[in-house]
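Please keep the sequence and the model in view while reading.

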Amino acid sequence: MNITDFFLIKYAPEILERTLEHLLLVAISIGIATVIGIPLGILITRQKNLRQPILGIANIMQTVPSLALFGLLIPVPVIGGIGANPAIFALILYSLLPIIRNTYTGITGVDSAIIEAGRGMGMTDKELLLQVEIPLALSVILAGVRVATVIAIGIATIAAAIGAGGLGELIFRGISAVNNQLILAGAIPAAVIALLADFAIGWLEGKFKITKK
């Protein structure tokens with residue numbers, strides 16, 4: 001078989017283009033979800049009465065089928081329509097739960113004796129949060145970002161259904177044309193990206209675990 005017939009080489013230029021689109025969708029979504037999710041996770045450690053409503057809403061977002069959510073967002077002004085905007089908004093919603101939950105779990109899991117020692121030294125709540133709780137909880141928080149990133153990479157393939165681009169374009173075209181090579185040309189790079197992201201963030205998470213010790 002001629003090497004040019006190998007589908008990953010045959011579709012290489014488009015795979016590269018779609019991979020960059022895919023990475024951009026995920027990077028923007030996870031970045032915004034992290035900026036929103038970590039403060040919400042911190043908030044519910046301070047305001048216990050908000051824990052159930054916030055986690056409940058985030059849980060509900062996880063249960064909505066991704067294709068249905070993309071479709072529901074199309075008629076919504078500003079964030080809706082066809083293209084990247086509704087895809088990014090949907091990916092943010094799907095990414096919030098693991099980030100919020102792990103932030104809450106990480107901070108509430110800090111040894112109470114350490115907190116009391118900090119208070120005994122005259123540290124304010126803000127100082128305890130920034131200098132003690134967040135540094136000790138960082139590996140758990142990163143684990144939430146790690147889960148959210150892998151989820152977003154998978155769901156982003158479906159965003160092609162609303163014209164957001166990414167590797168899903170190859171998969172949907174392959175399904176329409178009953179072309180397994182096209183399907184694999186989209187599916188394999190998406191799987192590789194997910195594995196690399198999981199490894200990279202897991203490595204970073206491990207570094208903070210070592211630092212804690």
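In what kind of contact do the side chains of R146 and D198 meet? They meet in a salt bridge, at 2.7 Å from N to O, the term being used for a side-chain nitrogen of Lys or Arg within 4 Å of a carboxyl oxygen of Asp or Glu. The pair links distant parts of the chain, with R146 in helix α7 (residues 125-156) and D198 in helix α9 (residues 180-212), 52 residues apart. R146 is partly exposed, with a relative accessible area of 25%, and D198 is partly exposed at 28% (buried means under 20%, exposed over 50% and partly exposed in between, with a 1.4 Å probe and protein chains only).

## Basis and confidence

This is a predicted model, in which local features need pLDDT of at least 70 and side-chain atom pairs count only at pLDDT 80 or more, while totals for chains, interfaces and linings use all residues. Residues are numbered from 1 along each chain as its sequence is written, and side-chain values use heavy atoms, leaving out hydrogens and water.

The mean pLDDT of the chain (the predictor's confidence in each residue, from 0 to 100) is 90, and 95% of the residues reach 70 or more.

E14 and R18 form a salt bridge at 3.6 Å, N to O, and both lie in helix α2, four residues apart (helices are DSSP runs of H or I, at least four residues, numbered from the N terminus). E14 is buried at 19% relative accessible area, as is R18 at 16%.

Methods:
Helices (H or I, at least four residues) and strands (E, at least two) are DSSP runs, numbered from the N terminus.
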